[in-house]
Amino acid sequence: MQTIQTSDATLHIRDEGPRAGRVVVFANSLGTDLRVWDALLPLLPAGLRIVRFDKRGHGLSDATPAPYTMDTLIADAEAVCDGLGLTDVTFVGLSIGGLIGQGLAAKRPDLVRALVLMDTAAKIGSAGMWASRIASIREGGIAALEGPIMERWFTAPFRAENPEYALWRNMLKRTTVEGYVGCCAAIAGTDLTESTRGLRLPVLALAGDQDGSTPPDLVRDTAALCGADFHLIAQAGHIPCVEQPAATAKLLTEFLERTAR
C-alpha cells in the first residue's frame with residue numbers, strides 16, 4: 001500500500017515503473033477508483049513511470065465530509081505530485097479527472113508538461129442538475145441512480161455481453177456516498193472555460209462516440225478552447241479505457257511520442 005498525506009486526508013496511490021522514466025499521472029472518473037486504468041496500462045510503451053491515485057471519497061482514500069470544491073481536488077493531485085517529487089508530468093484525466101487536470105495545468109504550468117482530457121469538459125452539466133443528483137443519492141443511495149449512470153458509462157453491447165460489467169456496477173455502488181456527492185458538488189461549482197482557454201501546452205482530447213455523460217460535441221468544444229487534438233473512440237461510452245483499451249492506448253502512445261523531448 002502506498003499513500004500520500006494531505007492536510008486533511010490520506011490518499012491511496014500507486015507509483016509504478018522506473019524512477020527515471022517519463023511520468024504519466026492518471027486521475028479517474030466519478031464513481032471509479034484507480035483500477036479503471038488496469039486494462040490500458042499494459043498496452044502503453046515500456047519504461048514509463050505510472051502514477052495513479054484514488055481521489056478523496058473513492059477507492060481506498062479517505063472520504064472526508066462533503067461537499068468538496070474543485071480547488072481541494074486539484075490540491076490533492078498537486079500533493080500527490082509534489083509528495084513524490086514529480087516534474088514534467090503528462091496528466092491523463094478521465095471525466096472529473098479531466099477537470100482536475102485542467103485546473104492543475106493552469107495552476108502549476110511548471111509541473112504539467114502535457115495534458116490528456118478523456119471524456120471531460122471545461123464545464124460539465126449545470127448546478128441544478130448536480131443538485132438534483134445529490135438530493136437523489138442522499139435520499140436513496142447510489143443504487144437509486146445506478147441504472148442511468150451505467151447506461152452513460154458503457155455501450156449496450158458491453159452491458160449485455162461483458163462479464164466485467166457486473167464488477168464495474170459493484171465499483172460504482174460501493175463508492176462512499178460522501179465521496180460521490182462531495183465530488184458532485186465540486187463539479188457543480190466548476191467552470192474552467194477561461195483558464196482552459198489560456199492553457200499553453202500540448203493537449204489531447206478523447207471521447208467515446210457513445211458517451212452519455214460528456215457527449216462528444218462537449219468534449220470537442222473543450223478541445224477547441226485550448227487547441228487540443230480531438231479524437232473519437234468508436235464503440236465506447238464514458239470510459240473508453242475500459243471498453244476500448246487498445247484504441248485508447250494507441251492514441252495515447254502517439255501523443256506521448258509527439259510530446260517526447
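## Strands E6 and E7 in the sheet

E6 and strand E7 (residues 203–208) pair in the parallel sense over 4 bridges, where two strands are taken to pair if DSSP finds at least two bridges between them, and where helices (H or I, at least four residues) and strands (E, at least two) are DSSP runs numbered from the N terminus. The model is a predicted one, in which local features need pLDDT of at least 70 and side-chain atom pairs count only at pLDDT 80 or more, while totals for chains, interfaces and linings use all residues. Residues are numbered from 1 along each chain as its sequence is written, and side-chain values use heavy atoms, with hydrogens and water left out.

Within this pairing, Val116 has Leu204 of E7 as its bridge partner, and Leu115 stands opposite Val203 in E7. Both strands are mostly covered: 7 of the 7 residues of strand E6 (residues 112–118) are buried, as are 6 of the 6 residues of E7, buried meaning under 20% relative accessible area, exposed over 50% and partly exposed in between (1.4 Å probe, protein chains only). From E7, Val203, Ala205 and Ala207 point one way, whereas Leu204, Leu206 and Gly208 point the other way, and all are buried.

## Neighbouring strands and crossovers

On the E5 side, strand E5 (residues 89–94) runs parallel to E6 and is joined to E6 by 6 bridges, with Val89 standing opposite Val112 in E6. E5, helix H2 (residues 96–107) and E6 together make a right-handed β-α-β unit; a crossover is right-handed if, with the strands pointing away from the viewer, the path from the first strand over the helix to the second runs clockwise.

A further right-handed β-α-β unit is made by E7, helix H9 (residues 216–225) and E8. Here E7 and strand E8 (residues 229–233) run parallel and are joined by 5 bridges, and Ala207 stands opposite Leu232 in E8.

## The sheet as a whole

These strands belong to an open sheet of 8 strands, which has the order E1-E2-E4-E3-E5-E6-E7-E8 and mixed pairing. Its edge strands are strand E1 (2–5) and E8, each of which pairs on one side only. From one strand to the next the twist averages 25°, with axes taken as lines fitted to C-alpha atoms (for helices over the stretch in contact) and angles running from 0 to 180 degrees between N-to-C directions.

Helix H11 (residues 245–258) packs on the sheet, touching strand E3 (23–27), E5, E6, E7 and E8, and the direction of H11 makes about 175° with that of E7; contact here means heavy atoms within 4.5 Å.

## Helix packing

Helix H3 (residues 127–140) and helix H7 (residues 177–188) pack at an angle of about 170°, with their axes 9 Å apart. H3 and H7 are therefore roughly antiparallel to each other, given that angles under 35 degrees count as roughly parallel, over 145 as roughly antiparallel, 65 to 115 as roughly perpendicular and the rest as oblique. The residues that meet include Trp130 and Ile134 in H3 and Tyr180 and Val181 in H7. By class, the contact of H3 with H7 has 11 nonpolar, no polar and 3 charged residues, where Ala, Val, Leu, Ile, Met, Phe, Trp, Tyr, Cys and Pro count as nonpolar, Asp, Glu, Lys and Arg as charged, and the others, Gly among them, as polar.

Helix H1 (residues 70–83) and H2 pack at an angle of about 75°, with their axes 9 Å apart, which makes H1 roughly perpendicular to H2. Among the residues making this contact are Met70, Leu73 and Ile74 of H1 and Ile96, Leu99 and Ile100 of H2. The residues of the contact of H1 with H2 divide into 9 nonpolar, 1 polar and 2 charged.

## Loop and backbone details

The peptide bond from Ala66 to Pro67 is cis, with omega near 0°, and Pro67 lies in the loop between strand E4 (49–53) and H1. Another proline, Pro157, is found in helix H5 (residues 156–161) and counts as partly exposed at 46% relative accessibility.

Asp119, in the loop between E6 and H3, has a positive phi of about 50° although it is not a glycine, and at 0% relative accessibility Asp119 counts as buried. Gln235, placed in the loop between E8 and helix H10 (240–243), has a positive phi of about 60° although it is not a glycine; Gln235 is exposed, with a relative accessible area of 56%.
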